Amino acid sequence: MNATPPLSSAEIKKCPEQLEKFVLDLVSQMTLDEKIGQMTQLNGESLVLDSCLREQLRTGKIGSIINQVDLNVLNELQRIVVEESRLGIPLLVGRDVIHGFNTIHPIPLGQAATWNPGLVTELASFAALEAASNGINWTFSPMVDICRDPRWGRIAESFGEDPYLTSTLGAAMISGYQSHDMSNLGSIAACAKHFVGYGAVESGRDYATTNIPENELRNIYLTPFHASVKANVASIMTSFSDLNGVPATANPFILRQVLRDEWQFSGLVVSDWDSVRQLEIHGLTANAKESACEAVSAGIDMEMVGDAYSKNLASLVHNGVVDEILIDKAVANILRIKAKLGLFNNAKTDPKVLPSIAIDEHLQLAKEAAIQSVVLLQNNHETLPLAVETLNRVALLGPLANAPHEQLGTWIFDGKVSLAQTPLQAFSAEFGERLYFHPVLKTSRSKDLTALTEVIKELADCDLIVVCIGEESILSGEAHSRADIGLPGAQTQLLEALRKLGKPVVCVVMAGRPLTLTSEIALVDALLYAWHPGVMAGPAIADLLVGRAVPSGKLPVTFVRHVGQIPLYYNQKNTGKPPSDEEIVLIDDIEERAPQTSLGMTAFHLDEGFRPLFPFGFGLSYTRFHYSELIIENPNLEVNESLRVSVKLSNTGSSAGVEVVQCYIRDHVGSVTRPVRELKGFQRVSLAAGESRIVSFIISPDQLAFYGRDQRYKSEPGSFTLWVGGDSNASLNGNFILC
Ligand code: GLC
């Protein structure tokens with residue numbers, strides 16, 4: 001029944017014009033109803049393949065389905081649209097494959113802590129293969145929202161606060177999902193979301209309003225999406241949020257001027273879940289017809305679930321309110337992705353022809369990712385790595401020590417909890433009869449410490465206490481924001497009780513956000529931050545604690561001392577009154593009747609100062625690294641010249657380790673004020689004990705450019721400082737001039 005011959009992926013790659021001809025020919029044959037059908041996505045969660053649905057598919061009323069994962073059902077749906085409809089246009093089958101499909105990897109915030117793009121690509125390619133084997137051909141990932149507010153539950157899905165790190169890892173994830181050719185068996189279409197500025201919701205409350213000045217939007221929030229478009233992301237999803245008074249789902253500035261005109265994006269723009277009809281709830285429109293008009297005019301190609309398009313677009317076109325050219329462009333964007341996926345050649349899935357992943361191989365990769373995602377935040381008295389042979393009895397405590405579901409984190413729709421290996425399982429294998437385990441608290445939110453009395457008796461002959469605490473999976477992710485980001489329940493009280501025993505305490509935190517741990521760090525000797533590490537949490541944590549692996553994770557977000565400091569991030573502006581430790585007087589040191597101007601007239605909080613608990617980029621190792629011999633080879637830089645930098649990195653400790661070498665710059669003067677530091681490069685470097693290596697960076701001219709007062713992207717002559725080190729407080733620095 002196909003009205004036009006399918007295009008092979010080779011033909012598409014060899015001759016893109018062929019693709020456009022194919023798409024435009026097909027659009028030219030479509031009725032208005034068939035076009036609107038392509039712009040409509042069906043919620044497949046409780047799908048009944050009845051005569052009504054069959055008729056909808058046969059008459060081209062549906063272009064995509066979401067949240068249906070039964071392969072047989074999906075293959076039948078594809079068969080109907082391809083063989084029984086007039087034009088045989090296959091379906092896009094969408095699913096949230098956010099950090100793994102059946103085999104759950106560390107949450108994206110944890111993957112960000114690896115600072116390892118290659119690993120992120122490999123994880124995404126494995127996830128794509130598992131999903132594709134299930135008939136999925138479109139994932140709503142990567143989430144590349146910049147987030148500076150850990151109260152926001154969706155920080156868990158993000159790569160953190162930095163535009164460069166997020167851009168790099170978002171592109172890496174897209175490459176993993178799509179490979180170099182989306183029609184490859186096992187590849188799926190990616191979707192960069194949520195366009196744009198969603199991470200700036202007021203008070204970190206999900207779905208709340210965002211107000212972001214254009215210059216901040218361009219220099220911070222749009223950056224990772226631009227990088228995604230340059231990485232050939234197949235699709236973009238709009239945000240639920242109101243952006244400067246115009247909700248993102250109907251915002252022509254971001255969807256037409258920036259995405260299409262400035263960036264020449266030729267992919268598919270999909271709304272978020274029912275966010276077209278929500279325009280009426282926002283108060284932008286008076287009814288669904290107006291919402292459909294606003295959204296399609298702004299540039300939404302496909303309505304995710306909801307029926308504003310299917311019920312209103314035809315009449316809007318017939319009444320001359322919406323030009324059918326807009327519809328044709330939207331449909332072309334959708335068909336283009338279907339063609340690039342190779343769906344016109346074959347829409348059905350036969351798992352037997354897909355490359356297979358041995359589950360052991362996948363679990364090994366998940367374990368390596370979990371190991372690299374863990375950040376060592378404190379290691380007093382070199383408590384870690386454990387001298388296992390000296391331990392007669394080890395206590396493993398805490399509500400997250402044996403919580404297979406919780407360790408997987410948020411967005412685990414198709415995750416197989418049965419694959420999860422918990423710390424208890426790994427520690428039992430490690431310590432056998434020497435291990436004593438008790439959760440003490442039933443959940444991370446539990447306030448019932450009645451078990452503690454008995455537990456403390458059992459601890460009498462323990463040499464070491466390992467306690468696994470943090471947040472259950474449900475406490476982060478969509479619609480799960482928190483006003484207080486401390487440890488929930490009675491977990492802090494548990495640490496206080498354990499501290500009194502005078503035994504070494506190793507604390508492992510699993511959470512979907514950076515928690516405020518200012519009082520807790522004094523209660524533990526070693527602190528490992530594991531985010532939600534996925535199925536291999538247990539083996540990864542055990543390997544790290546006993547020294548089979550060395551921590552290498554670095555923070556992708558700032559850890560605040562107090563929730564009241566938020567937003568607090570490393571790449572902040574200097575302000576006209578930057579604080580310094582010497583100048584400020586903190587609340588406990590204020591003399592009675594202190595004179596009005598005696599406390600330091602600068603940008604700080606009387607009760608918490610201005611510094612974070614742990615800075616962006618921070619992470620310890622079991623060894624020590626030393627930076628020296630920073631050389632800026634061309635300190636008088638011409639405009640189109642790349643900056644060449646090198647530094648000597650030495651492993652001055654007693655064990656091998658991996659250091660994430662970070663390179664930051666500061667542009668001291670600009671037509672708009674510039675951040676005090678900006679990450680411009682990083683490299684994971686593995687060194688044996690005693691080994692040294694010269695690490696080099698090339699900073700391209702484009703990386704010195706920014707959106708200035710005229711909102712144009714260009715660099716400006718002037719003086720810069722460059723730092724290289726192991727976190728955003730790096731001290732080793734040099735200066736250069738851009739001529
Ligand atoms: C949700 C999320 C979005 C997700 C979509 C489909 O509401 O905002 O990230 O991809 O709906 O589940």
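Trp-411 sits in the loop between strand 11 (394-397) and helix 17 (423-431); helices (H or I, at least four residues) and strands (E, at least two) are DSSP runs, numbered from the N terminus. This is a predicted model, where local features need pLDDT of at least 70, side-chain atom pairs count only at pLDDT 80 or more, and totals for chains, interfaces and linings use all residues. Numbering runs from 1 along each chain as its sequence is written, and side-chain values use heavy atoms, with hydrogens and water left out.

**Positive phi**
- Trp-411 isn't a glycine, yet its phi is positive, at about 60°.
- Trp-411 counts as buried because its relative accessible area is 14%, and buried means under 20% (1.4 Å probe, protein chains only).
- Asp-274, also not a glycine, has a positive phi of about 60°.
- You'll find Asp-274 in the loop between strand 9 (268-270) and helix 12 (278-282), and it is buried at 14% relative accessibility.

**Cis peptide bonds**
- Lys-193 to His-194 is a cis peptide bond, with omega near -5°; His-194 belongs to strand 5 (residues 191-195).
- Phe-195 to Val-196 is cis too, with omega near -5°, and Val-196 falls in the loop between strand 5 and helix 9 (214-221).

**Around Thr-238**
- Thr-238 is part of strand 6 (residues 235-238) and is buried, at 0% relative accessible area.
- Its side chain makes a polar contact with the side chain of Thr-249 (3.1 Å). That term means a pair of N or O atoms within 3.5 Å; within protein, one must be able to donate a hydrogen and the other to accept it, and residues adjacent in sequence count only if both atoms are side-chain atoms.
- Leaving out residues up to four places away in sequence, Thr-238 touches (heavy atoms within 4.5 Å) several residues, among them His-194, Phe-195 and Asp-272.

Notes
Buried < 20%, exposed > 50% of the residue type's maximum accessible area, 1.4 Å probe, protein only.
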